[in-house]
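Student: I have a model open and would like to talk it through. Shall we begin?

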Amino acid sequence: MSPVQKTISPRAWAELLLLSFIWGGSFLSIRIALNEIGPLSSVAHRTGWAMLILWAYVLLRRLPLPVDPRIWGAFLVMGFLNNVIPFSLMAWGQLHISTGLTSILNAATAIFGVIAAALFFADERLTARKALGVTLGFFGVATAIGLSAFRDFDLRSLGQLAVIGGTISYALAGVWARKMLSGLSPQVAAAGMLTGASLVTLPAAWLIEGPLTLHLQPQTWAAIAYYAIVATAIAYMLYYRVLAMAGSGNLMLCTLLVAPVAIVLGAVVLGEALPLRAYAGFVLLACGLIILDGRIFKPRQNRARRA
């Protein structure tokens, strides 16, 4: 008998949407920080401060800590896959390619995520409905941002290859987290992952870009505070909760929602105009998510079975 396939419950959808809202503001905050500090220093601030916050929470709550050395080794690998590699590649890539193209390439994480999950987990197989939903959602994101951004797509561009490498690393991280860290509380899993990442990013930033400085402009500290506290410490607790509920492939769907959230935030907060293509893209994205959710098809399937 084939295993029951992972689905997205209403609660998982709500937390996935919240995670997308949080990460939707991270692109702007990272870009602001990069005006004053280097990419590795930006990543070191992100993982270091978030790690301290999460361990303080874990200790205050007296949550049980893992004692198996293999779990701590898994934290280090997870830190590489979900933090060191993608944070560094994407921060560097953002310096060399447009924000629109970065957002579109980041949305491709959903595609890589469902493929990777299907390869490793029997309960996350790649169905025709899932493939159609993810593809439609991706083109919805691309339409909302502007298909003209694809004119700049060139696999010979190191900046674009760096962002694509980051998206693949994110997809593999979801698989690794489910296989190796699924029995831990979200707080401990997130704290351990960020510890593994900080063991690499802090010395790397020091050696390559010099000692981390605390003498930064207020706007830089505000950007760091957002992407370290909100978009990392809080977001990764949500990340592991959704992973447990919906699986690694479904978790990666949040990347389809990040770019539209960023567009809407720009319109609401900064007063930016929403072009007609954005509305068309949102409709395509919504159709893709409805297909992925699959609930509207279930009554019809049930009627067909009874008949």
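Student: Is Trp-49 buried, partly exposed or exposed?

Tutor: Trp-49 is partly exposed, with a relative accessible area of 35%. Buried means under 20% relative accessible area, exposed means over 50%, and partly exposed lies in between, with a 1.4 Å probe and protein chains only. Please note that this is a predicted model, in which local features need pLDDT of at least 70 and side-chain atom pairs count only at pLDDT 80 or more, while totals for chains, interfaces and linings use all residues. Residues are numbered from 1 along each chain as its sequence is written, and side-chain values use heavy atoms, with hydrogens and water left out.

Student: What secondary structure does the chain have?

Tutor: The chain has 14 helices and zero strands. Helices (H or I, at least four residues) and strands (E, at least two) are DSSP runs, numbered from the N terminus.

Student: How does the radius of gyration of the chain sit against the globule rule?

Tutor: The radius of gyration is 19 Å, close to the 19 Å that the globule rule gives for 307 residues, so the chain is as compact as a globular protein of that length. The radius is taken over C-alpha atoms, and the rule is 2.2 Å times the number of residues to the power 0.38. Along its principal axes, the C-alpha trace spans about 70 × 50 × 35 Å.

Student: What share of the residues counts as buried?

Tutor: Of the 307 residues, 51% count as buried.

Student: Which geometry does the pair of Trp-49 and Trp-221 have?

Tutor: Their ring centres are 6.3 Å apart and their planes are at 65 degrees, so this pair is edge-to-face. Trp-49 lies in helix α3 (residues 39-61) and Trp-221 in helix α10, so the pair ties together parts 172 residues apart in sequence.

Student: What else does Trp-221 touch?

Tutor: Not counting residues up to four places away in sequence, Trp-221 touches His-45, Trp-49, Leu-214 and Leu-216. At 27% relative accessibility, Trp-221 counts as partly exposed.

Student: Which residues form a ring cluster?

Tutor: Ring pairs link Trp-23, Tyr-236, Tyr-239 and Tyr-240 into a cluster.

Student: One last topic: what is phi of Arg-62?

Tutor: Phi of Arg-62 is near 55 degrees, a positive value in a residue other than glycine. Arg-62 is exposed, with a relative accessible area of 76%.

Notes:
Phe/Tyr/Trp six-rings, centres within 6.5 Å; stacked < 30°, edge-to-face > 60°. Contact = heavy atoms within 4.5 Å.
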